[in-house]
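Please look at the sequence and the 3D structure below before reading the report.

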Amino acid sequence: MQIAVSVKDIVKKYKLYEDKWGPVKEILTKNQLHKEFLALNNVSLDFPKGESIGVLGKNGSGKSTLLKIITGITDPTSGSVEVNGSLVFLDVSSGIDQELSGYENIFMKGTLLGYTKEEMLEKVDAIVEFSELGDFIHQPVKNYSAGMRSKLGFAISVNVDPDILIVDEALAVGDSQFRQKCMDKMNAFKEMGKTIIFVSHDHNAVESFCSKAAWIHQGTLIMYGESKQVAAHYNAFMSGHKKMEEIEMELNYRHGLQTAELTASEGQFALNLSGYVTSADETQTQDWTFVLQNAQTKETRKFPLERTEQGAFSMSIPFTSDDLFYSPGQFTFEVGTVNGEGDFASFPIWAEDVEFLSEQEVENTFKYTLQTYNQSLLLKIFNIDKLEEQVNRISVEDHQVIVDGVAFVRGYETPSADAVEGELYLVHKETFDYRTFPITFMATEEITENQAFNPLGKNYTYSRFVSKVDLSELPAGEYECKLRYSMKREPLHEIRSHIWASKIDQYDVNEHQVNGQTVQAVIKSKYLYLVVTAN
Amino acid sequence: MFDIYKLMWGKRKMVHTLALQEMKKEYAGTLLGSVWGLVNPLLRIVVYWFVFSIGAKVGQNVDGAPFIAWLACGLVAWFFINDAFRMSKNSFRSKRSLIKNTPFPIAVLPAVNVLYSYFIHLILLATILVVMVFYLKTISIYWLQILYFDVAAFLLLIGIGAVTAPLVAVSKDFGKLIDTVLVFLFWMTPILWSIDNIDGPLKFLVQLNPFHYIVQGYRDSIFFHTGFWEYPLYTLYFWIFVFVSFVLGNYLYKRMKPIFLDLM
């Protein structure tokens with residue numbers, strides 16, 4: 001692979017003095033009186049020939065400084081630059097003199113770029129036409145609008161014929177029609193096999209136009225690689241999704257999910273995954289853990305990873321029905337290890353290239369969907385059916401809270417007690433402690449006879465539920481009260497949802513003393529919670 | 001040792017074009033255009049003649065040469081030197097935005113300014129020479145020597161331009177210092193007064209000023225018909241001065257370029 005531009009160990013320091021006498025004082029007193037601003041910190045990069053490479057970075061990151069060094073406008077403090085081929089810097093405003101006319105400026109800029117008058121004469125008609133300025137070309141540039149100026153600048157720069165073209169966010173100004181013209185010309189350059197270095201802080205532009213990209217942040221080269229990957233990480237950082245430490249950690253390791261599959265084998269529904277994770281220098285000394293996390297509650301389940309020598313792993317996550325963690329919600333997938341400081345740190349495993357061996361949407365007890373989001377894997381679990389549910393009464397007796405309500409699924413008839421079973425369970429908001437309490441389903445006419453709820457006249461006899469929550473051994477904290485409703489006949493769906501309770505005047509929401517603790521049923525946004533506070 | 005001059009010569013077409021652009025820029029927007037290049041110096045010559053000859057009554061004919069002609073001649077040479085030096089020392093500082101944004105060989109900039117001044121100078125010189133023909137009613141082969149002195153002046157100016165431009169780019173104060181020095185030199189160079197009026201060590205001191213070589217050379221060519229080979233030591237001194245400034249200019253540019261690129 002041939003290199004068009006190569007920069008090695010580029011360091012660029014600026015001296016910042018507090019006052020204008022600084023430099024003189026420094027020479028006289030031989031003290032260091034300046035702060036050094038490190039604009040570029042040991043940047044080494046090879047730009048391959050014939051490709052379009054993006055340079056991403058926020059304002060002040062040093063990318064413009066790097067460009068200036070490559071084009072020769074500035075010299076680096078140390079380091080070397082090697083350019084193979086003729087280079088043109090495509091920016092719209094440099095070298096244009098306001099007093100001269102557009103026509104004269106064409107020759108002026110051409111001269112600066114090293115072309116003779118004869119060569120410019122050959123090009124000038126094409127340039128004037130490209131610029132769309134018409135008769136205005138003979139007016140002094142100071143009378144142009146900003147858009148006209150950039151059209152002129154671009155028309156001149158783009159009609160030269162260099163091997164390497166450096167574009168500095170030149171397409172920022174100009175109407176979309178002109179921008180399209182410029183993009184067409186740039187694409188034409190690409191087809192001709194020219195090297196294009198495209199500097200921008202618009203990751204979309206870089207991703208669509210460039211094959212490779214480099215990301216410079218605070219003078220350091222953060223990453224260089226396929227433009228899609230670099231743009232994705234850059235965007236994650238710029239939009240606040242990920243912090244720099246996270247990204248740096250991710251970049252220290254090579255990781256990715258290769259396959260994902262939702263499968264029911266031996267009666268157990270599970271998610272099978274395979275992938276790899278290694279450190280960049282291929283040392284295998286760390287133990288890695290796979291972390292599945294509920295995106296809302298932040299509860300996790302961890303699985304130790306067994307990896308081959310090459311860092312590959314495969315694992316299976318069974319959605320066991322007794323583990324209430326695998327309830328409706330959104331789940332993310334991370335890998336983590338103990339880092340240099342002894343802390344466990346994890347980051348989302350790269351899933352952009354994952355191959356789904358099964359359907360991405362599968363119904364089992366619940367509806368499970370797999371998708372890639374922000375280059376990682378996202379699992380969503382949904383209840384297949386909607387549970388119609390209401391709490392009619394809440395009372396407190398002895399050391400129990402009694403929840404009395406109705407629950408049914410439209411279309412699922414419950415004529416007898418063996419049609420349905422379930423339980424009430426509490427989830428501690430912080431410790432994720434699960435406590436289950438039995439439910440009795442009883443017969444009632446409330447739903448079946450209700451024309452509004454039951455227009456089709458189905459049999460929802462066993463829709464009343466009563467649950468007694470034993471308060472005697474509940475640790476302090478706030479608990480979400482949830483209901484598990486399981487069909488015992490086809491289609492054998494299960495629904496788990498937060499208990500809806502809106503008939504507030506029917507509930508005992510007072511504080512009660514139980515075993516030296518204060519217990520209270522609380523309704524927040526019509527959902528039921530239980531709060532236990534130690535005295 | 002002479003890299004930047006090789007560059008200036010190599011890019012001479014670019015230098016030429018840029019110098020023409022400078023001229024266009026300077027007079028863009030005016031109606032009279034480059035006519036101003038004539039009007040200003042001519043007016044100054046008239047003023048000096050009037051003050052010295054008529055007002056203060058100190059202007060005398062020098063060795064047979066009529067005062068106004070002798071004065072005009074010297075002033076033509078001085079205007080070239082003064083304007084070229086003033087502009088070329090600023091050649092980096094004044095083109096700050098160009099240097100900071102456009103990639104091109106900036107070392108040629110001092111040459112651009114000298115060439116531009118030379119173009120203006122040529123117009124004035126041509127005018128004055130025509131006037132001289134009518135006024136003196138004689139013309140001599142020695143007039144061709146002006147070509148030599150023009151080349152000498154040109155090279156001198158490139159040398160001192162190359163020396164001072166990087167220094168001025170680093171220190172604006174230095175530029176102001178040179179402006180003051182130029183004012184001083186205007187009076188200390190025998191332009192408005194004849195060198196024959198002084199003697200001894202003072203005369204030697206005054207002759208150390210290379211600008212005097214040029215001014216005197218102009219007068220020697222037009223009036224006194226003296227060839228530059230008739231004072232070989234002085235001619236040698238002048239060219240050593242030019243050589244040293246060339247070497248120094250190249251050195252300073254190389255050393256100071258990284259500094260002034262960031263400082264400006």
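## Basis

This is a predicted model, in which local features need pLDDT of at least 70, side-chain atom pairs count only at pLDDT 80 or more, and totals for chains, interfaces and linings use all residues. Residues are numbered from 1 along each chain as its sequence is written, while chains are lettered from A and ligands numbered from 1 in the order in which they are written.

## Chain B

Chain B has 11 helices and zero strands. Helices (H or I, at least four residues) and strands (E, at least two) are DSSP runs, numbered from the N terminus. Of the 264 residues in chain B, 37% are buried. A residue is buried if 20 or more other C-beta atoms lie within 10 Å of its own, exposed if 12 or fewer, and partly exposed in between, with C-beta atoms placed from the backbone.

Two residues are in contact if their C-beta atoms, placed from the backbone, lie within 7 Å. In chain B, among contacts between residues at least 6 apart in sequence, 79% join residues at least 24 apart.

## Where the chains meet

Contact between the chains involves 19 residues of chain B and 20 residues of chain A. On the chain B side, the elements giving two or more residues are α2 (12–27), α5 (96–101) and α11 (232–263). The largest share, seven residues, comes from α2(B).

Helix α3 (residues 102–112) of chain A packs with α2(B) at an angle of about 145°, and their axes are 10 Å apart. Axes are lines fitted to C-alpha atoms, for helices over the stretch in contact, and angles run from 0 to 180 degrees between N-to-C directions. In this pair, A:E104, A:M108 and A:T111 of α3(A) meet B:M14, B:T17, B:L18, B:Q21 and B:K24 of α2(B).

## Nonpolar cores

A nonpolar core is a set of buried Ala, Val, Leu, Ile, Met, Phe, Trp, Tyr and Cys residues joined through C-beta atoms within 7 Å. The largest one has 122 residues, and B:V76 and B:I81 have the most contacts inside it. Helix α4 (residues 67–89) of chain B gives the most to this core, with 15 residues. Domain 1 (3–86 + 163–241) and domain 2 (92–161) of chain A both give residues to this core, so it lies between them; the domain bounds come from an automatic or database domain assignment.

Not counting residues up to four places away in sequence, B:I81 touches B:A153, B:L157, B:F211 and B:I214. Another core lies apart from the largest one and has 35 residues, among them A:V401, A:V406, A:F408 and A:L528.
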